[in-house]
Amino acid sequence: MRTDRIAAAVFACALPFAALAAEQKITFHKNVEPILQARCQACHRPGEAAPMSLLTYSDARPWAKAIKQAVLTKKMPPWSADGSVGHFRNDRRLSQEEIETLSQWVDSGAVEGNMKDAPAPLKFAEGWAIGKPDAVLGMSKPFDIPAQGTLDYQWILIPGFQEDKWIQAFEVRPGNRAIVHHVAAFWRRKGSPWMADAQPGVPIAKPSSAPETGSSDGIIAEYVPGIPPLALPKGYAMKLPVGADIMLQVHYTPNGKATTDQSSVGFVFASAPPENQVITYGMAAPMLKIPPYEANYRAQANASFGVDVRLLGINPHMHLRGKSSEITLTYPDGRKETLLNVPKYDFNWQITYEPAGDLTLPAGTRLEAVSYYDNSPNNPFNPDPSKEVHWGDQTSDEMMAVFMHIAFPANMDPRALFRRPAYPPKPSAE
Ligand code: HEC
């Protein structure tokens with residue numbers, strides 16, 4: 001061991017200086033490409049959310065300075081949670097070492113290095129990120145999008161399955177990414193009065209009724225650029241009951257050219273009946289009322305469950321005036337813990353934070369979410385500081401909702417869970 005080390009040291013000293021420097025030089029293929037593969041290419045490749053590809057040296061080289069800047073300022077990869085609170089399995093933050101490698105590569109001339117050091121290129125699933133879906137349900141007709149204007153959210157009915165389905169993974173695929181800002185897929189139980197008159201292929205812009213709260217009519221999947229689709233751990237699945245419909249809520253943003261969209265939802269079914277059922281639950285403060293020019297408006301929402309639940313994911317949702325959000329847990333024994341702190345909320349990144357390990361909330365644990373809003377002119381995203389702002393769908397309205405994926409034994413009646421209404425909420429005192 002010792003002699004090996006001495007031999008290595010002697011060998012290193014014996015190398016001519018230039019060769020040693022070359023040996024240590026940080027190159028694209030040896031040092032940088034593996035980081036880009038692991039941390040960036042999910043979004044930075046053709047057809048995905050980011051504006052430029054970082055797949056190859058020639059793709060990445062022109063962006064070298066911007067890459068250094070983006071990683072030093074922690075703008076990239078996008079991740080808004082305070083790193084000192086909680087542990088999340090999908091944490092995207094780079095290690096200090098990765099940041100240094102990228103920035104030293106740029107400082108030392110962003111050299112390519114030797115192709116033979118390159119890792120094998122990643123293989124990306126064509127089309128569906130969840131793998132080949134067992135079923136795909138789509139809009140029955142293309143929807144016409146005008147060249148200009150602001151469209152209300154469009155609600156589009158897609159008939160579901162004729163038997164109960166346990167679903168392991170969902171993916172919403174926009175038909176036309178250029179104008180689909182986001183899509184939320186809800187399910188609606190058979191016989192629900194919520195948009196009871198909806199017909200497949202006939203979009204509804206102004207729903208006459210709100211979804212039922214509780215165990216049905218929940219949100220199941222979302223498409224937001226750059227956010228991976230929902231794939232549940234083995235043994236966990238969402239139930240789509242027989243005769244339930246899918247209600248797509250699509251936000252279209254016209255971009256100057258009249259066009260069409262036909263979005264769809266892919267499903268991977270659980271291979272066996274799961275031990276645990278998962279639902280998306282939302283806690284919300286629907287009565288928010290943000291005064292004009294108010295720079296620090298506070299809104300709070302709470303939840304607690306009647307049974308033990310496992311928390312698989314949590315996503316604080318606000319719009320353009322959203323500033324920060326903090327979620328704390330108070331256990332039945334009085335112990336308090338901060339679950340998630342998002343000090344600088346960024347509307348562009350609708351991140352679902354997935355707690356690492358098994359986070360079980362004993363029955364009666366109180367979840368408390370506190371969010372702040374900036375309706376002042378100092379908020380660069382603020383569309384109109386002179387407006388009093390209320391709950392609403394459009395990004396110029398606001399929301400204070402925290403979506404959670406919670407799991408409980410599959411043989412339990414989900415209604416046992418609820419002590420407060422689920423998303424979207426009926427108005428109640430804040
Ligand atoms: C979750 C998706 C996602 C991941 C992961 C991601 N990016 Fe990005 N990136 C984007 C999007 C979308 C944009 C354009 C919008 C923006 O700038 O916020 C962007 C913009 C950029 C820009 C341009 C910034 C500017 O100031 O114009 C750089 C440079 C960049 N990313 C580098 C990286 C690097 C390096 C990584 C990995 C270490 C990475 N990104 C990971 C989605 C992502």
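The model is predicted: local features need pLDDT of at least 70, side-chain atom pairs count only at pLDDT 80 or more, and totals for chains, interfaces and linings use all residues. Residues are numbered from 1 along each chain as its sequence is written, and side-chain values use heavy atoms, with hydrogens and water left out.

Overall figures to begin with. The protein has 6 helices and 20 strands. Helices (H or I, at least four residues) and strands (E, at least two) are DSSP runs, numbered from the N terminus. Of its 430 residues, 48% are buried, where buried means under 20% relative accessible area, exposed means over 50%, and partly exposed is in between, with a 1.4 Å probe and protein chains only. The exposed surface comes to about 20800 Å², and carbon and sulfur atoms supply 54% of it; such areas come from the Shrake-Rupley method with a 1.4 Å probe, and for residues only the protein chains shown count as cover.

Next, helix α3, residues 28-39. Its buried residues are Phe28, His29, Val32, Glu33, Ile35, Leu36 and Gln37. An α-helix has 3.6 residues a turn, so residues three or four places apart point the same way. What covers the buried residues of α3? The cover includes α4 (57-60) and α6 (96-107). At the start of α3, a side-chain oxygen of Thr27 comes to within 3.1 Å of the backbone nitrogen of Lys30.

Now the sheet. It is open and has 8 strands, in the order β1-β10-β4-β7-β11-β20-β14-β17, with mixed pairing. Two strands pair if DSSP finds at least two bridges between them. At the edges stand β1 (135-138) and β17 (360-361), each with a single partner strand, so one side of each has no neighbour in the sheet. β17 runs antiparallel to β14, joined by 2 bridges, and Thr360 in β17 stands opposite Arg310.

β7 pairs with β4 (residues 165-173) in the antiparallel sense over 3 bridges; Leu240 is the bridge partner of Lys165. With β11, the pairing of β7 is parallel, over 2 bridges, and Tyr236 stands opposite Asn276 in β11.

On to the cores. A nonpolar core is a set of buried Ala, Val, Leu, Ile, Met, Phe, Trp, Tyr and Cys residues joined through side-chain atoms within 4.5 Å. Which members of the largest core touch the most others? Among its 42 residues, they are Met283, Leu367 and Met404. Strands supplying at least two residues each include β11 (276-284) and β20 (401-409). Domain 1 (2-117) and domain 3 (277-430) each give this core at least three residues; the domain bounds come from an automatic or database domain assignment. A second, separate core has 36 residues, including Ala135, Met139, Tyr236 and Met238.

Is Asp245 buried or exposed? Asp245 is buried, with a relative accessible area of 15%. Its side chain makes a polar contact of 2.8 Å with that of Arg188. A polar contact is a pair of N or O atoms within 3.5 Å; within protein, one must be able to donate a hydrogen and the other to accept it, and residues adjacent in sequence count only if both atoms are side-chain atoms.

Definitions and conventions:
Contact means heavy atoms within 4.5 Å.
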